[in-house]
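The model is shown below, and the description follows it.

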Amino acid sequence: MRIGELSDRTGTPRRLLRYYEEQGLLTSDRRPNGYRDYDERSVDRVLQIRGLLDSGLPTRVIKQILPCLKKPRSIQVADATPETIATLERERDRMTRRIECLVRSRDAIAVYVDAVLAEQRDAAPSVA
């Protein structure tokens with residue numbers, strides 16, 4: 001499939017698909033006219049990449065773990081190196097800290113919104 005179809009099927013801009021290829025996260029064949037040609041597995045691969053990026057993993061880490069991701073929602077770790085495991089542990093710990101920070105921020109915003117709404121209710125004229 002050409003890059004436009006892959007873009008449509010994954011909701012990923014073409015520019016990002018080219019970037020993934022530059023970073024070694026995605027591969028394509030080239031047609032005689034120079035157009036990229038992606039196979040069907042590229043759809044799942046792009047969705048995996050997007051999910052990992054959305055979770056906060058940098059492309060350098062994604063490149064390390066992509067070989068372990070054979071199918072969507074499936075991880076094969078038989079060939080994981082100690083370096084890969086250490087990297088994933090660091091990323092997991094970083095994500096945990098980020099989640100904790102996000103929860104604190106969410107809770108602070110909730111308290112603020114509740115206080116503002118309570119103040120507005122108290123300030124509203126009562127109807128008799």
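## Helix 5

Helix 5 covers residues 82-123, and its 42 residues should span 62 Å at 1.5 Å a residue; the end C-alpha atoms lie 61 Å apart, which agrees. Helices here are DSSP runs (H or I, at least four residues) numbered from the N terminus, and the expected span is 1.5 Å times one less than the number of residues.

The model is predicted: local features need pLDDT of at least 70 and side-chain atom pairs pLDDT 80 or more, while totals for chains, interfaces and linings use all residues. Residues are numbered from 1 along each chain as its sequence is written, and side-chain values use heavy atoms, without hydrogens and water.

## Buried residues and Thr87

Thr84, Thr87 and Glu91 of helix 5 are buried (under 20% relative accessible area, 1.4 Å probe, protein chains only). The buried residues of helix 5 pack against helix 4 (59-65).

Thr87 has 7% relative accessibility and therefore counts as buried. Leaving aside residues up to four places away in sequence, Thr87 touches Val61 and Gln64 (heavy atoms within 4.5 Å). A polar atom of the Thr87 side chain lies 2.9 Å from the backbone oxygen of Glu83. The side chains of Thr87 and Arg90 make a polar contact at 3.2 Å (a pair of N or O atoms within 3.5 Å, one able to donate a hydrogen and the other to accept it; residues adjacent in sequence count only if both atoms are side-chain atoms).

## Helices 1 and 2

Helix 1 (residues 3-10) packs with helix 2 (residues 14-22) at about 105°, their axes 9 Å apart. Helix 1 is therefore roughly perpendicular to helix 2 (65 to 115 degrees). Ile3, Gly4, Leu6 and Ser7 of helix 1 meet Arg14, Leu17 and Arg18 of helix 2.

How values were computed: Helix = DSSP H or I, 4+ residues; strand = E, 2+ residues; numbered from the N terminus. Buried < 20%, exposed > 50% of the residue type's maximum accessible area, 1.4 Å probe, protein only. Axes fitted to C-alpha atoms, helices over the stretch in contact; angles between N-to-C directions. Parallel < 35°, antiparallel > 145°, perpendicular 65-115°, else oblique.
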